[in-house]
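Colleague: Please take a single part of this predicted model and go through it closely, with the cut-offs stated.

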Amino acid sequence: MRPIHPSADAGGPFIGAKLRSTRMAQGLTLAQVAESTGLSKGFLSRLERDETSPSVATLVQLCQVLSLPVGALFAEPEIQKVSRAEAPRINLGGVHVEEHLMSPRGEERVQLLRSSLEAGAHGGHELYTVNCDVEVLHVISGAVTVRFADRAIRLDAGDALTFPGREPHTWAAEDDAPAEVCWVLVPAPWSGSA
């Protein structure tokens with residue numbers, strides 16, 4: 001005999017984590033959502049753990065309370081892998097550097113660059129700017145100095161530096177040795193599609 005209220009099956013859509021993250025992002029407790037929907041905290045907790053499935057009416061009601069379009073629960077997230085071996089090689093003007101675009105081409109929210117710096121590599125003798133709000137440089141190996149108009153900051157392996165991309169700067173590998181670094185640019189200053 002089939003149960004009257006079947007539990008969530010292993011092949012069904014998993015919406016619990018999306019419901020929970022939406023609730024938490026709005027600063028709502030299970031008790032507050034339970035009060036607004038008339039559902040029990042226990043049911044909501046099981047729903048957020050994908051241990052039960054709601055009726056369509058319950059799901060619509062819950063989404064209204066959370067100001068979440070029902071369709072957003074079932075949309076596939078955009079997940080894109082870029083392998084280092086297949087990452088497109090780019091040139092942003094550095095000297096003695098091999099750079100690869102590690103974020104997908106066309107990604108506008110953020111850009112990730114992986115750079116292999118030869119001994120003596122540098123970003124140019126003149127200060128430059130990047131058209132982005134935030135730049136993060138993470139040194140994986142070796143050492144790099146970032147020079148600004150009023151100071152220079154040395155970064156060793158494991159260090160990271162965050163600064164406005166529009167702040168005039170340049171960089172250089174240190175200790176006459178190679179270095180590996182990652183740059184994160186937010187938002188992406190160019191689409192990478194050209």
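Modeller: I take helix H4, which is followed by Ser67, a residue with a positive phi near 50°. Helices are DSSP runs of H or I with at least four residues, numbered from the N terminus. The model is predicted, so local features need pLDDT of at least 70 and side-chain atom pairs count only at pLDDT 80 or more, while totals for chains, interfaces and linings use all residues. Residues are numbered from 1 along each chain as its sequence is written, and side-chain values use heavy atoms, with hydrogens and water left out.

H4 covers residues 56-65, and Thr58, Leu59, Leu62 and Cys63 are buried in it (under 20% relative accessible area; exposed is over 50%, partly exposed in between, with a 1.4 Å probe and protein chains only). Down the helix axis, these buried residues fall within an arc of 130°, so they line one face of H4; the arc is that of the directions from the axis to the C-beta atoms. An α-helix has 3.6 residues a turn, so residues three or four places apart point the same way. Cover for the buried residues of H4 includes helices H1 (16-25), H2 (30-37) and H3 (41-48), contact being heavy atoms within 4.5 Å.

The face turned away from the buried side carries exposed Val56, Ala57 and Gln64. Val56 counts as exposed because its relative accessibility is 67%.

For the chain, the mean pLDDT (the predictor's confidence in each residue, from 0 to 100) is 89, and 91% of residues reach 70 or more.

Terms used:
Helix = DSSP H or I, 4+ residues; strand = E, 2+ residues; numbered from the N terminus.
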